[in-house]
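Please look over the sequence and the structure shown below. The paragraphs after them go from the whole protein to a few side chains.

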Amino acid sequence: MSRLRPLSLVALLALAFAPLALAAAGTPQLQAFFQPELTSTSYQQKAYAQVAGKWKQPARKGLPAVGRRTVVQAVIGRDGKLVTVVVSQESGSKVWDDAALAAVKKAAPFAPLPKDYALATLDAHFHVAWVAAP
């Protein structure tokens, strides 16, 4: 497995602040991690925003326990298309895991990889967690 670097400018972002989230004493958060060879923060931010924009929070019955997360591992091709996408860590809620996977799939295709990125594909991990509300 290749090393991944966290998205530097946007480490954690609440995806939704709904009354449902407050009632369940939690809030969804997304983290994105990219291979260290990808130095373009602009590309990282755009990919992150695409996934965040496609997130649809499940109903209360589909929420995982506070502190649990789904990790969706995506391989993005040079043309921006998904080569593979899998849930590599489950949250304990199939509904939550499916929503995280769907967000990444619906976000595709991504922008083509930057010209200065030398590798043929990019590994990206998207972590969607249910965390305690502040």
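How many of the 134 residues of the protein, as a percentage, count as buried? The share is 46%, where buried means under 20% relative accessible area, exposed over 50%, and partly exposed in between, with a 1.4 Å probe and protein chains only. The accessible surface of the protein comes to about 6,900 Å², computed by the Shrake-Rupley method with a 1.4 Å probe. Carbon and sulfur atoms hold 59% of that surface.

This is a predicted model, in which local features need pLDDT of at least 70 and side-chain atom pairs count only at pLDDT 80 or more, while totals for chains, interfaces and linings use all residues. Residues are numbered from 1 along each chain as its sequence is written, and side-chain values use heavy atoms, with hydrogens and water left out.

The predictor's confidence in each residue is the pLDDT, from 0 to 100. Its mean over the protein is 87, and 83% of the residues reach 70 or more. Over residues 8-23, the pLDDT is below 50. That stretch still has 38 contacts in the model beyond near neighbours in sequence, a contact being heavy atoms within 4.5 Å. Where pLDDT is low, the predicted coordinates should not be read in detail.

The protein has 3 helices and 6 strands. Helices (H or I, at least four residues) and strands (E, at least two) are DSSP runs, numbered from the N terminus. Along the sequence their pattern is β-β-α-β-α-β-β-α-β. Of the contacts with a separation of 6 or more, 74% are between residues 24 or more positions apart.

Helix α3 covers residues 94-107 and holds both Lys94 and Asp98, 4 residues apart, about one turn of the helix. These two residues form a salt bridge, with their closest N and O atoms 3.2 Å apart. A salt bridge here is a side-chain nitrogen of Lys or Arg within 4 Å of a carboxyl oxygen of Asp or Glu. The structure holds 1 salt bridge. Lys94 is exposed, at 59% relative accessible area, and Asp98 is partly exposed at 37%.

Asp97 also belongs to helix α3. Asp97 is buried but has no salt bridge, and the nearest side chain of opposite charge, Lys94, is 7.2 Å away. Lys and Arg count as positive and Asp and Glu as negative, with His and the chain ends not counted. Leaving out residues up to four places away in sequence, Asp97 touches Thr70, Val87, Glu90, Ser91 and Gly92.
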